[in-house]
Amino acid sequence: MKGDQRNEAASPVEECGIAPTHALSLQDKAAILSEALPYMRRYAGAIFVIKYGGHAMGDEAIRRRFAEDIVLLRQVGIRVVVVHGGGPQIGSMLKRLKIRSAFVDGLRVTDAETVEVVEMVLSGLVNKSLVAAITRAGGMAVGISGKDGGFVEARPLEHRRRDPTSHIEEVLDLGFVGEPARVDPSLLMRFLDAGLTPVVAPIGLGPAGETFNINADTMAGAVAAALKAKRFMLLTDVEGILDSQGRLIAELSHDQAAEMIAAGTIHGGMIPKVRTCLQAVENGVDAAVILNGRVPHAPLLEIFTESGVGTLIRPSQGE
Ligand SMILES: Nc1ncnc2c1ncn2[C@@H]1O[C@H](COP(=O)(O)OP(=O)(O)OP(=O)(O)O)[C@@H](O)[C@H]1O
Ligand SMILES: [Mg+2]
């Protein structure tokens, strides 16, 4: 596995020595393609789960490039499942509709009215715009949520918090915020076997037919584990996990993750990301990577270059 040569300091573009393509000679372009060959062979037929964060997809040009990368991966034989977020898009729609939300520890309390909007935005707007982008790039994508084929059964998320003064632990009711209780990979396998690219909205079906809003990182991790994915990539809006000085950590150990969460260096939206990666690699995923989805062709740099980009998390026995 690559990862040993991960370079902490260099920017992703400098790191792999790739200049803008128009500045390259035909010889250079041929050399780049040829260097990618060992990786194409290594990953042919492998399943990759890619989580595309709502923060990383705001820009039209970024979304188009992401879609082109997905089509390229499929073209070289990698079986890709995309799971997307959409926090900012949900926020702006709720604002337009003048629906107010309360937040507990960064989680939106989701009542019946709010979850309707969440599903419309995720399964409708965001999911279909990604499907359209992949289609326009020449791929064949199908947009689904965990409700399709009942492939993600959800249960209410039990969010626990210790009262700072009494120290009594309480379970908070967040409404229709859920977590995956069971993921059936067979529907996704059928799509992948047919050469299609599933694009998954993080919505699950509750036991009484309820709609549950699931954190997209959690959803993607559960999907990656159910598929025993070779790689789990989380595209976000930062280079990877940063230390207290703001430097990129090339590879994060399990102990380091726990320390950084306890110290507050890893906080907010990065906490579910890191926890999900740790769980995914303990549940059969070969490696997880957190990387910047705003960097042009970030997935290609990670997969087809020796040093890789972002922060790598591997199973603990590999440390
Ligand atoms: N140690 C850390 N290193 C890097 N980023 C961190 C760290 N701790 C917290 N963060 C925050 O985590 C954010 C990424 O998570 P966030 O939930 O905001 O985005 P996302 O998951 O990509 O998008 P979405 O939630 O819409 O799917 C970063 O923008 C950064 O502000
Ligand atoms: Mg997030």
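Q: How do you know how the length of helix α2 compares with the expected span?
A: Helix α2 (residues 26-43) has 18 residues and reaches 26 Å from its first C-alpha to its last. The expected span is 1.5 Å times one less than the number of residues. That gives 26 Å for α2, and the helix comes close to it. Helices here are DSSP runs of H or I with at least four residues, strands are E runs of at least two, and both are numbered from the N terminus.

Q: What kind of model is this, and how are its parts numbered?
A: It is a predicted model: local features need pLDDT of at least 70, side-chain atom pairs count only at pLDDT 80 or more, and totals for chains, interfaces and linings use all residues. Residues are numbered from 1 along each chain as its sequence is written, chains are lettered from A and ligands numbered from 1 in the order written, and side-chain values use heavy atoms, without hydrogens and water.

Q: What makes L37 the site of a bend in α2?
A: A bend is the angle between two axes, one fitted to the seven residues ending at a residue and one to the seven starting there. At L37 that angle is about 35°. A proline, P38, follows within four residues. Just after α2, G45 takes a positive phi of about 85°.

Q: Which residues of α2 are buried, and what covers them?
A: Buried means under 20% relative accessible area; exposed is over 50%, and partly exposed lies in between (1.4 Å probe, protein chains only). In α2, the buried residues are A36, Y39 and Y43. Their cover includes β1, β13 and α10 (298-304). Contact means heavy atoms within 4.5 Å.

Q: Where is the kink in α5 centred?
A: The kink is centred on N127 and amounts to about 35°. Helix α5 (residues 112-136) has 25 residues and reaches 35 Å, close to the 36 Å expected. N127 is also among the buried residues of α5, which include V126 and L130. Just after α5, G138 has a positive phi of about 100°.

Q: Why is N213 called buried?
A: N213 has 14% relative accessibility, so it counts as buried. This residue is found in strand β12. Among the residues it touches, beyond four places in sequence, are V115, V118 and L122.

Q: Why do β5 and β15 count as edge strands?
A: The open sheet of 7 strands has the order β5-β10-β2-β1-β13-β14-β15, with mixed pairing. β5 (141-145) and β15 (311-313) each have a single partner strand, so one side of each lacks a neighbour in the sheet.

Q: Why is T276 called buried, and what does its side chain meet?
A: T276 is at 7% relative accessibility, so it counts as buried. It is found in helix α9. A polar atom of its side chain lies 2.5 Å from the backbone oxygen of P272. Beyond four places in sequence, T276 is in contact with D217, T218, G221 and F232.

Technical notes
Two strands pair if DSSP finds at least two bridges between them. A polar contact is a pair of N or O atoms within 3.5 Å; within protein, one must be able to donate a hydrogen and the other to accept it, and residues adjacent in sequence count only if both atoms are side-chain atoms.
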